[in-house]
Each structure stands twice: as C-alpha cells, then as structure tokens.
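I opened the notebook to go through a few side-chain contacts and one backbone angle. My notes follow the structure.

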Amino acid sequence: MEGTDCRISAGKKSETLNRNSLKNISYQDVNHQVIERCKGGDNRAQYELYKLYAKAMFNVSMRITNDYAEAEDVLQEAFVSAFKKLHSYKAEASFGSWLKRIVVNASINAIRKRRSELVPMDERVVGEVPDEEYNDDSEWQVENVRRAIQQLPDGYRVVLTLYLLEGFDHGEIAEILGITESTSKSQYSRARKKLLEIMKAPQFVA
Amino acid sequence: MKDKLKDFVNEHRDEFDVFEPRPELWQEICQDLPESRKEKEGKVIKISFGERASFSADFFFMRVAAAVVLLLGCGLTLYLMKQQVTKEPTPIAAIAPAVSTESIAPELAEVEAYYVSQIQEKKSQLSAYDRKVLGLDEQAEIDLELARLDNSYLQLKKQLYTNPNTSEIVDAMVQNLQIRIKVLNRQLEVLQQLEQMEQEPTNEPQKDDTTNV
C-alpha cells in the first residue's frame, strides 16, 4: 500500500523524471485488467481500484480543500464520476494521473463554491519576490511544512500544493485554474514566501 | 532556479499523505454507482420483462439475435403448416402416405390403391363432363362432400395408430372410399342425363330460331 501510494502521488513526476519507468509500465499493465473489469461494471474491481487510490486521492483533495468533510465529498464525487466515465479513459496517461486530474478538478470546484475567488485578480507579476536564502532547510520537518501549508490562504495553498506536491508544472496549473502561467509562477513564489514566514514565526514552532 | 523547498518535498512526498478517508466512504460511493453488480444481475431478468430502459450494446445484440431466431422459427412453422394445408385437399396425396400404416393394417394399402384408381377414373370422367356442362350448382356441393369425406378419412387414418380396434376402422375407411365412388357415380349419372336432355332440346330451338328469322 505504501509503495503504491508513493508511486501514485509521484504520478506525473516519475514520468518526467523517467525514474523507475519499468516499474511504471508493469504497474499500468496490472491496472489494465482491473480497469477493464470496472468498465464492465464489476463491483469488486471497482473496490480494488478504490483501495489502491483512495488514500492518495484523499490527501490530494485534503490539501486543496483543507477540509476533511469536503475532501470526503470530493473523493466520493470524483470516484463516482471516474467510474462513470471510465470508458473515456484511454491508456495515454497512467490511470493514477487521470484519476488525480479528476480529483484536482473536483477539489477546485469545491473551493470555488465556497470562495468566489481562488487567485486574487491582481495579476500584475510582482517582480520576483526576493529570494531570501533560507539555509536552515535542514531544520525542515515534514509535519511542520504540512501544517504550515494548511495555514496558507486558499489561493496560495492551491497553487503551492499543485506545484510542490502534486507535481504539476506552471503550464498545467494555469490550465487547471484558468489563469496565466505567469500568474501561477508569481502566485507560487508569493505562497512559498508566505509559507516560509509561517514556519519561521515563533508561535508556529511552539 | 533552485528551489530547496521543492527538493525537500520531492524527497518526502509520501510522508505528506497523512490523512485517510473514513472506511465506510466506499459504501456511500457504491450507492452512487448505478452500473454496479445490481445491473449485472438485473440484465438477465430485464430481457424476459422486455424493459427497454438501459441496455449495454452487447445485450442489445443478444436481444436482436433472439428476436431473429424467434421470427425465423415462427416463419418456418407457418410455412410448414401452410404446405400441409395445401396438400390435404388432394385425396391422392392424403392417401399416398399409407405406407406407414402397412404394419397395422397390411391389406389396407391394396384396398386403398384399388379405390383410389377407381376414384381417379370417375373423376377424370367427371372432369370431361365439366367442360361441357358449365355453371352446375351441384358440382360445388359435391366437391364439398368429397372434401368432407376426405377429412374424415384422414381422421380415421390417424385413429389407426391409436385405436386398438383396427378392423373396424379399416372397414370405416373402405366404406368412406365406397361412398366417394357412389357420390361420383351419382354425379356421373346426373351429368349423363343432363347431356341426353341437352342434346334433345338443343335440336328443337335451333330449328325454331331458323324458322323465326
């Protein structure tokens, strides 16, 4: 389970890095049979796919929506729609990244519903936010980074997690969010700066 | 552009997946899936009910195939029945398959052959008259009578297989054939009388006509 999750969340990333590409191929072939059975409406095959991807997809949704109940709704909606439109899945991309795209879109729709605006209209590219050197990266801990991300405002958090954790590049983020690539870039650097600030704050460490 | 944060996250990516959905969420997803096991079981029933609602392509094909088979079957039975019906009225054809009755009543075939030849002879004599005497009402009645006799003959023949009293039935069959010959004989007599009557009067009026003109 742990291994699959890793590969799933690596998703696109592992493809671009061409890392363990062999693993990727056999992994797709294994899924292929299950997916075919799912297309025929096989309930057990559907559960197999769910077991395989539920945790990773739930965390994707959780990071974007930042709300447990909402993330569950999104997960449910995403799996139902994925099973319904499974016939449109061509094995071009891995099933994991296809499903992830559905989850990401559903998550973003969910926050759009609750907040009218994700990314502030201010599209002016703020000249590169001065990249202060944080040489204390050795002190970073996963739990702290994760909690700090949760504290980011929606607009920042979505772009930052899509870029950092879900492995999308700025072009893809721009497409998903319906913004320009430069907005995505500037939004990311602002989010990143904000994140480091949060982590540096004394009350956060405590 | 170096992004140490990105590198850090890449290295620890799976550690970020800390949440788990409730285990019962799958049940809720299941309920939202219309084409799950339920449909698979339902498909078989659906065919017999003929519900048109939602069929996958392959099942639709099966339905079409079943319909075609059914239609072919119906067509074939109808065709065969029609063929039998058209054969029945001709007595020769009806009597011909007597071969199978040989084991039950061996003498029947001989008797049948004799009467059939008799009947055919009378019939050909009759048809010779038919051409001369047109518009005779009796002819239709006789045809009906013959058809009726033919029918009862067939029924008697069927009874041969089921009824143990073979000789009685054979007697009835012979009687049936004799009645036919009688009917045909009487008809022939009537026709012969008619012919004689016609020959006499036709001579007279012809004379009258010529004198009148």
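**Rings, charges and a loop**

I began in chain B, where Arg180(B) lies over the face of Tyr153(B), 5.2 Å from the ring centre. I keep in mind that this model is predicted.

I then looked for another charge over a ring. The charged end of Lys6(B) sits over the ring of Tyr163(A), at 4.1 Å from its centre.

Next I turned to ring pairs. I count 14 aromatic pairs over all chains. In one of them, Tyr47(A) and Tyr50(A) are stacked, at 6.4 Å centre to centre and with 25 degrees between the planes. These two tyrosines are 3 residues apart in helix 3 of chain A, so about one helical turn separates them. Tyr47(A) is partly exposed, with a relative accessible area of 34%. Tyr50(A) counts as buried, at 6% relative accessibility.

I noted an edge-to-face pair as well: Phe83(A) and Trp26(B), 6.3 Å centre to centre, 85 degrees between the planes. This pair crosses between chains, from helix 4 of chain A to helix 2 of chain B. Which residues form one aromatic cluster? I list Tyr47(A), Tyr50(A), Phe79(A), Phe83(A) and Trp26(B).

I checked helix 6 of chain A too. Its buried residues are Val142(A), Val145(A), Arg146(A), Ala148(A) and Ile149(A). Seen down the axis of helix 6 of chain A, they fall within an arc of 165 degrees, so they line one face of the helix.

Last, I looked at Asn66(A), in the loop between helix 3 and helix 4 of chain A. Its phi is positive, near 60 degrees. Most residues other than glycine have a negative phi. Asn66(A) is partly exposed, with a relative accessible area of 26%.

Conventions. Residues numbered from 1 in each chain as written. Chains lettered and ligands numbered in written order. Predicted model: local features only at pLDDT ≥ 70, side-chain atom pairs only at ≥ 80, totals over all residues. Heavy atoms only, no water. Helix = DSSP H or I, 4+ residues; strand = E, 2+ residues; numbered from the N terminus. Buried < 20%, exposed > 50% of the residue type's maximum accessible area, 1.4 Å probe, protein only. Arc of directions from axis to C-beta. Phe/Tyr/Trp six-rings, centres within 6.5 Å; stacked < 30°, edge-to-face > 60°. Lys NZ or Arg CZ within 6 Å of the ring centre and 35° of its normal.
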